[in-house]
Structure formats: C-alpha cells, structure tokens
Amino acid sequence: MITQEQVDRVLRLSGNGLPCVSLYVPVLPEQPGRSTFMTRVASLLDGIRPLSLDRSLDHAARLSLREDIVKLEKSLAFEPHQPGAVAVFACSGKDVYEEVWLPRPTRERIVVDSDPYVRPMLAVLDEYDRACAVIVDRGTGQIWEHYLDQARELEAIRDRTLRKPDYAAGLAEDRVRNKADELSKRHFRKLIGELKQLFGRRAFDVLVVGGHSYEVPNFIRFLPRDLRERLIGDFTVDRETATPADIRNRVQKIVSDHAHQEQRQLVGDILEAKAAGRPPSAVGLDETLWAASLAAVGTLAADEEAAAPGVVCDRDGLLARSGESCPLCGDPLREVPDIIDALAETVIDDGGEIRHIEPETELRTHLTGALLRFELPPRPAAAG
C-alpha cells in the first residue's frame, strides 16, 4: 500500500550533490509482440550506463550510478503481477532507494538529475483520494486509512464509559445520563483532535464516518467546519462484529461514488465553459491535442475507455490525429498507437492535472476535454 509517509519520503529525497535515478516502467496486460517488463527495464538502464563511465562526473557520482544500475537490475528482475506502473527512485551514494507502485501505467522513462523526477508519480496519485474512516461509538474509536482499494488501521482509541447509565431512576438517572453524555462528548472531542492533526498534516483528502445509527449523527454534529467540509459520507456498522473487509468495502463504495460525482462535475464544468466561452476550455480530441501541443492544458479529462491512433512531432511536441509532416516545423510526424496516452503524458510534463472519467458522461462521444490556461490560437489545418 502506498502510504503518505512513503510519498513524503520520496518528496524529501535528494542526492545532495550525487545523481538521483528516477525510473518509471509500465506494467501492462499481456499483449502479443510487446516487449517484456524486464526487457524494457534493461533498455532503460542501458541508456544511462555511459553516464556511469563519464569522466566529466566525479568518482563518487560515477560509483553511485553504477551501484544504482546493479540494484535496479536485481530489484526489477521479475515483472509485477498487478497492472499499473513501477516508479523507483535511487541514489546509492546516499543510501536512497524507494520503490512505488502506481495504479495506472505511465510512459516508460529514466531520468538522472540532482533531485528525483516525481511529476509523473504525483500526477497519477493526484487522481485518487486518500480517505480517513473513523468508526465511532460512545467509548471507542478506530481510525483507518483507505487508499487504492486497500485499508489499514492507524489508531484505536478507548475512553471511559459508564457500564449501565440507565440503572437508576429520577434525579439519579438524570445525573448518570448527564455523566454518560459528558464522557461521550469528551471521547468525541479526543477523536476529533486526532483527526485534526491528521488532516492538518495533509495526510488525508476526505473523511468517512461509520458506527451505530444513533452514534454517527451525534459525532458528526461535533465536527468542526474544516472537517465537516471533508466529510463525503457515513454508514452504519457494528464495530464489534464488522470485519476489516466489511469496513473497507463500505468506505470504498462511498469514496468511489464521491469520485464519480466529482468526475461528472468536471465534465459539466468543461462543457459549460465551452458553451459560455469562459473560462477557456477545449472539447473534443482535435482541439484538446492542439491545446496540449501549446502547453495550454490546466486540467485534462479523458474518458476511461477513450483510445485513438495519432501522430507526434518529436521536435516541437505537436500532437494530432493524423498527418505526415508537422505544420509547425516541417519534420516528419511519428505514428503512435494511442495518441491519448501521449496527450496525458504531455499534460503531465507541462505540470497539468489528469482526470480519467470512469462513469459514462457526455465526454464519451468527445473522448477528451480540458480546462485551459489561456485562449488558443487557430489550429493549423494540416495538424488535423
């Protein structure tokens, strides 16, 4: 499971004067004629071997690169079973090695620089909410992390409760009930304090609350405004009898429904902006490809099922559905099997956001759409 701690470690990585190697390798379903995972890893590592012998680098840098290559060869000697991508960040001279599994394929690449190349990793992970699920009752609380269909318990809190708050009658009963309520409120405040710390560290994106039907509303009423704004749903569950799988499935359903709602909203925003002319937007593959060619895409929306062949100019980055020569520089255009993959990678490289749209929306007929950074100039006719 990818944890926030691991992402934070990657973001803090630095060679401190030594080169860092960043490697991305997609893990794809078996396809006839495609290169194996290990072959692609070997080809990428071959591309940086000359650097490990380059006398313009000092001895420590060359030695670190050689050790990185050896370690990567050993660590990636077998293809993972789960589709997606493997991202590795290494600097042997500083004893740095982080391997991250990504839920979506990325373009294969290897980068050697003073800092790790994290933009593709962040672009993929940014599509998925990290959810905090808190399971509450009067005296106990469990805090769970849910991310990418996986779950782990972070913390369990148990506070004092009255065993039989209804044993007495009259004034005694009122005193006992008031005491029970006060203990419950104290427990809820303690839980909320833990949640505020977690969300304050930006460890989570959204909040889900579960518990008995009579406890959940009481707890939600105690939530401060900043946590209430992160709340995306609640559910009823008996903490004593529910299994971790039960809780995971309930939380995942709420998170998935929330993600689909946001995706539909994004599509609606793009189509509405296109109809109104503001803010600048693009609808349809041709227009979106032209926008990406100019680094104009702020947020790209691509239908989950969209795929189409196309062409790319390797000199100036033009993307198009078809053509033989680039209308901008005149160079021959290179055919690619899926221009939408190239589109997504271009947007990532230019610092934009990617959103794959899973539910069926109006975007399915257009394939792609985007919110833009600026208005587009006319698209060259030959680029279409």
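Analyst: Buried means under 20% relative accessible area, exposed over 50%, and partly exposed in between, with a 1.4 Å probe and protein chains only. Strands (E, at least two residues) and helices (H or I, at least four) are DSSP runs, numbered from the N terminus. This is a predicted model, in which local features need pLDDT of at least 70 and side-chain atom pairs count only at pLDDT 80 or more, while totals for chains, interfaces and linings use all residues. Residues are numbered from 1 along each chain as its sequence is written, and side-chain values use heavy atoms, leaving out hydrogens and water.

User: What makes strand β5 mostly covered?

Analyst: In β5 (residues 131-136), 6 of its 6 residues are buried. Ala131, Ala133 and Ile135 point one way, Cys132, Val134 and Val136 the other way, and all are buried.

User: How do you know that β5 and strand β6 pair?

Analyst: Two strands pair if DSSP finds at least two bridges between them. β5 and β6 (residues 140-147) have 6 bridges, in the antiparallel sense, and therefore meet that definition. Cysteine 132 stands opposite glutamate 145 in β6, and a hairpin of 3 residues joins β5 to β6.

User: Which way does strand β8 run relative to β5?

Analyst: β8 (residues 206-211) runs parallel to β5, and 6 bridges join them. Valine 136 has glycine 211 in β8 as its bridge partner.
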